[in-house]
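Thanks for coming. I have one model to go through today, starting with the chain as a whole and then taking some elements and residues in turn.

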Amino acid sequence: MIRKFLHSKARKMGRHYNYDVSYMHGLIDISPAAAIGLARLPKFYKYRGPAPGQAAWTGALLASTLEGDCGPCAQLVVDMALEGGADPACLQACAEGRPQEAGAIGLGFRFAMMAITGDPRADDLRREIESEFGKKAAVSCAFAAASGRIYPVLKRGLGHGQACQRLDFGGKVVKLAA
């Protein structure tokens, strides 16, 4: 019964975002308990903090997902961000390595990349996020920076990972550097 429910939820998500959920179905078949654990993950990474800082959260999640190197996962983050009203030009600028041109989305993106690589300048960007959007926004960006990589790494571990090659930013398709 639980497998049927989980498969139904996976299919619904896959249809909504035109996203390949075969790794989810495989996981459900192998271990419903593992699939339930995976289903809880969004409660962690989707903590977005206050509305004004959510653009920075979006940038942080995109950075973390791209750093995880999974084309379909990065496209899913872009699609969800666009659905939430994010500026496609800002998302594209980040993905192309121009986050300084992307406002608050770029701020979150730069913060996440520095936090991921252990760059001490991440502290300066965290303070900037706190100053502009508040401490809860900085917490949300830290959650996004830590968690966006989980899905690409998990999918590769399960034999379903793909390298980033192109992303569609609301109708503008961009090929990314490997």
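What percentage of the 178 residues of the protein chain count as buried? The figure is 44%, where buried means under 20% relative accessible area, exposed means over 50%, and partly exposed is in between, with a 1.4 Å probe and protein chains only. Before going on: this is a predicted model, in which local features need pLDDT of at least 70 and side-chain atom pairs count only at pLDDT 80 or more, while totals for chains, interfaces and linings use all residues. Residues are numbered from 1 along each chain as its sequence is written, and side-chain values use heavy atoms, with hydrogens and water left out.

The overall picture, then. The secondary structure comes to 10 helices and 2 strands; helices are DSSP runs of H or I of at least four residues, strands are runs of E of at least two, and both are numbered from the N terminus. The order from the N terminus is α-α-α-α-α-α-α-α-α-α-β-β. The radius of gyration is 16 Å, which agrees with the value near 16 Å for a compact globule of 178 residues; that radius is taken over C-alpha atoms, and the globule rule is 2.2 Å times the number of residues to the power 0.38. The C-alpha trace spans about 50 × 35 × 30 Å along its principal axes.

As for contacts, which means heavy atoms within 4.5 Å, take the pairs at least 6 apart in sequence: 64% of them join residues at least 24 apart. The chain exposes about 9,200 Å², and carbon and sulfur atoms supply 55% of that. These areas come from the Shrake-Rupley method with a 1.4 Å probe, and for residues only the protein chains shown count as cover. On charge, there are 23 positive and 16 negative side chains, with the centres of the two sets 10 Å apart. Lys and Arg count as positive and Asp and Glu as negative, without His or the chain ends, and each charge is placed at NZ of Lys, CZ of Arg, CG of Asp or CD of Glu.

N18 sits in the loop between α1 (2-17) and α2. N18 has a positive phi of about 50° although it is not a glycine, and at a relative accessible area of 75% it is exposed. In α2, residues 22-30, we find H25. Is H25 buried or exposed? H25 counts as buried, at 18% relative accessibility. Apart from residues up to four places away in sequence, H25 touches H7, A10 and R11.

Next, α5. Helix α5 covers residues 71-83, and its end C-alpha atoms are 18 Å apart, in agreement with the 18 Å that 13 residues should span at 1.5 Å a residue. That expected span is 1.5 Å times one less than the number of residues. Its buried residues are G71, C73, A74, Q75, L76, V77, V78 and A81. Which elements cover them? The cover includes α1, α4, α6 (88-95), α10 and β1 (166-169). Just after α5, G85 takes a positive phi of about 100°.

A81 comes up again from the side of α4. T58, in helix α4, is buried at 12% relative accessible area. Beyond its neighbours within four places in sequence, T58 is in contact with A81, A86 and L91. A95 belongs to α6 and is buried as well, at 15%. Leaving out residues up to four places away, A95 touches L66, L167, F169 and L176. The C-alpha atoms of A95 and G59, 36 residues apart along the chain, are separated by 9.5 Å.

Last, α9, residues 135-147. This helix has 13 residues and reaches 19 Å between its first and last C-alpha, close to the expected 18 Å. A137, A138, S140, C141, A144, A145 and S147 are its buried residues, and their cover includes α3 (32-45), α4 (54-68), α7 (103-117), α8 (122-133) and α10 (150-157).

From α8, look at E130. E130 is partly exposed, at 24%, and its contacts outside four places in sequence are K135 and A138. From α3, look at P42, which is partly exposed at 23%.
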